[in-house]
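Open the model in your viewer and keep the selection tool at hand. The stops below say what to select and what is there.

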Amino acid sequence: MGQAVDTPIASGTSRRGFYLTFIYGLWSLIGAALAAPALLYLLLPPKVRRESEWIDAADVTALQPKIPVEVVFRKNRVDGWKITSEKETAWVVKLSDRETVAFGPQCTHLGCAYHWDEAKTEFLCPCHNSVFGVDGTVVSGPAPRPLDRYETKIENGKLLLGPLGASSGSKA
Amino acid sequence: MFGSVALFLFLTQAFTGALLAFNYAPTPGDAYNSLRYILAEVTAGRLMRGLHHWGASMMIVIVVLHMTQAFLYGAYKKPREATWMVGVVLLLVTLAYGLTGYLLPWDNRAYWGTVVTTQIAAQAPVLGPYLVRLLGGQGEVGVVTFARFYGMHVLLLPPATLLLIAIHVYLVRKHGVAPEPGDEARPQKKFFPEQVFRDTVAIFIAFVILFVLAVAVRVPLEQLADPTDTAYIPRPEWYFLFLFQTLKVFEGPLEVVGSIVLPTLAILALLFVPFIDRGRMRKVTQRTFAGAVVLLAAIGWGGLTAAAVATTPKPAIAEQIDFSQPTGWLQLSPVEMAGVGYFRQENCISCHTVGDGKPKIGPDLAAGSRKSASWMIQHFKRPSAMVPGSAMPSIQLSDAELNTLAAYLLKLNPRNAEALQSAPDFAVQGALIYQKNQCGACHMVNGVGVKLGPALNGVKQRRTKQWVEDHFRNPQALSPGSIMPPSRFSPTEMERIVAYLFVLPD
């Protein structure tokens, strides 16, 4: 008699268990099938149309050694679905006969525009007094790393600028 | 069961809709480009749009099935009248999503479909002018209409839907799920886990169908909305086709009957079903009248939709271009396009890679290290003479054709190689005809050719297709003094060359 009562309960629990397994299992599949593409959609960078663009920024022969010049040029920027032509600035310095560099115009601390102090021959950021040497290294102040540099190449005496890359290295 | 699936689909729509909105700019100036960006550049963007597009269609199907079931079972009867009526409003809201969402891609299809919608609204007696103003269509569909449709689609309708669903579900819980007639005496099945299990299985099946549709069936994007395109024949989304067809039955002053009066009466009838049929609950097998109504409605809907589909003209060739794909080929010169044609015809791709891809037996044709055109032509004729041991078969084309192929290969790089896949066949064939007939000796396309005759970019703005066809047959009849020789094209050739000229960028 005891057995007769037990059996339906036992089969009842297993049917319940079967239902629950399916319910949780199917919902997990649906959740995963929606969440995985959503994460890819949000987190992966879009396929970049990298137009390898080199911009003629300055005449190298006209540069004086170790005297930075601010140059302004126009550059196409791909911003999502838009390609905008923007004004960009670079500080161009001829460090030696063999090396000419172009710094990005923003302080590496918090992005303020710095300027060249001719008297002290240093780059000075007015926001928090970061000071950079003519080669972009941090002299003093809170800036965490040297000035960022554009990729450069020289063709027929013209300085061509590529993309702006973050500088690596510490204050030194 | 269908109710749960409908709720699930609504939540999925909200989810995919929000994700799309993260990369979508809701203004006519940017909507189209941002959608192309989602489709072509954002990872899984095509899948998201597919889910949203097909989810909308499935939602209509499921909601209609849900209503049909409730109707057949007589689930609208006392005390469930309000549940039914809220359900009818939810159906209307679902249709409103379809109507407003249709405009948002801002391609030709969206634009012209909405032009028709707003003009139908304008026909409404008394209310017409106010409705038009409400829809922002002050005589035309523009930025204001777009903003209103977008606002309705994402700001107004979702909370309204949530509220209505809450009322609907509350009423269902309050009065209980309508028992299947004849089953009233049996104890109700437990909601959890039995009913939940059944719903879950149904939802899962619906989701699998939706996912497969989104992955497998491409949702096309037409060209950017062009209000000056007089040749475009608008068609509504499939679930509105029956209304579209109804409209054709009524002409002249009676048109308002088809566009406004009948739909309004139908909605009212649907809304007041519980008060029209006040009989007691009966077994579904005894509800012959209700069954007949459903059958008639299905036949009517199916017949009208089929008639609308049957009378849809074959879309013009140019409308078959999928603008959700890269369209760099539009910038190619006719010589290059013809080169694409020979490249495909000779099946060069079976042995050569272009740009990235698995290395194949032959060299990558998009990589650097160029040979000269004359070297290539010699090589095409006798491959092993130029490259000892080459396994390449010689190409059987005329010198002029080989020249075209060489000209194309000289310009091939990884960036423009996508044209090999994406250039539609009609345009390639059109360019081949253009090349063969040496149109470039007098005309210019994409900056290549001679300026003796008029440049052919933008010809679609200046002339109709018919004019161009007639002009091909007898140039002097339409342009007196023209030195252009008449052309004898076969009908297929004529169609291709004209279609090619009409897709050229302005």
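This is a predicted model: local features need pLDDT of at least 70, side-chain atom pairs count only at pLDDT 80 or more; totals for chains, interfaces and linings use all residues.

Start in chain B, where helix 4 meets helix 7: B:Ala82, B:Thr83, B:Val86, B:Gly87, B:Val89, B:Leu90, B:Val93, B:Ala96, B:Tyr97, B:Thr100 and B:Gly101 of helix 4 are in contact with B:Phe149, B:Met152, B:His153, B:Leu157, B:Ala160, B:Thr161, B:Leu164, B:Ile167, B:His168, B:Leu171, B:Val172 and B:His175 of helix 7. Of the residues in this contact, 15 are nonpolar, eight are polar and none is charged.

Now show the two helices whole, residues 81–101 and residues 143–175 of chain B. Two packed helices are described by the angle between their axes and the distance between the axes. Here the axes come within 9 Å and cross at roughly 160°. Because of that angle, helix 4 of chain B is roughly antiparallel to helix 7 of chain B. The crossing of helix 4 and helix 7 of chain B is left-handed.

Select B:Lys78 and B:Pro79. The peptide bond between B:Lys78 and B:Pro79 is cis, with omega about 5°. B:Pro79 sits in the loop that runs between helix 3 (45–72) and helix 4 of chain B.

**Two residues with positive phi**

Most residues other than glycine have a negative phi, and most peptide bonds are trans. Next, select B:Val126, which is not a glycine but has a positive phi of about 65°. B:Val126 lies in the loop between helix 5 (108–122) and helix 6 (128–134) of chain B. Is B:Val126 buried or exposed? B:Val126 counts as exposed because 7 other C-beta atoms lie within 10 Å, and the cut-off for exposed is 12 or fewer.

Move to chain A and select A:Thr121. A:Thr121 has a positive phi of about 45°, and is not a glycine. Its loop lies between strand 5 (115–117) and strand 6 (122–124) of chain A. A:Thr121 has 12 C-beta neighbours inside 10 Å, so A:Thr121 counts as exposed.

**A helix with buried residues**

Return to chain B and select helix 9, residues 241–249. Its buried residues are B:Leu243, B:Phe244, B:Gln245 and B:Leu247. Among what covers them are helix 10 (255–271) and helix 12 (288–310) of chain B.

**Domains and chains**

Colour chain B by domain: domain 1 covers 2–315 and domain 2 covers 328–503. The C-alpha centres of these domains of chain B are 46 Å apart.

Last, show both chains. Their contact takes 19 residues from chain A and 23 residues from chain B. On the chain A side, 16 residues are nonpolar, one is polar and two are charged.

Technical notes. Residues are numbered from 1 along each chain as its sequence is written. Chains are lettered from A and ligands numbered from 1 in the order in which they are written. Axes are lines fitted to C-alpha atoms, for helices over the stretch in contact, and angles run from 0 to 180 degrees between N-to-C directions. Helices (H or I, at least four residues) and strands (E, at least two) are DSSP runs, numbered from the N terminus. Angles under 35 degrees count as roughly parallel, over 145 as roughly antiparallel, 65 to 115 as roughly perpendicular and the rest as oblique. A crossing is left-handed if the near helix is turned anticlockwise from the far one by less than a right angle, and right-handed if clockwise. Two residues are in contact if their C-beta atoms, placed from the backbone, lie within 7 Å. Ala, Val, Leu, Ile, Met, Phe, Trp, Tyr, Cys and Pro count as nonpolar, Asp, Glu, Lys and Arg as charged, and the others, Gly among them, as polar. Domain bounds come from an automatic or database domain assignment. A residue is buried if 20 or more other C-beta atoms lie within 10 Å of its own, exposed if 12 or fewer, and partly exposed in between; C-beta atoms are placed from the backbone.
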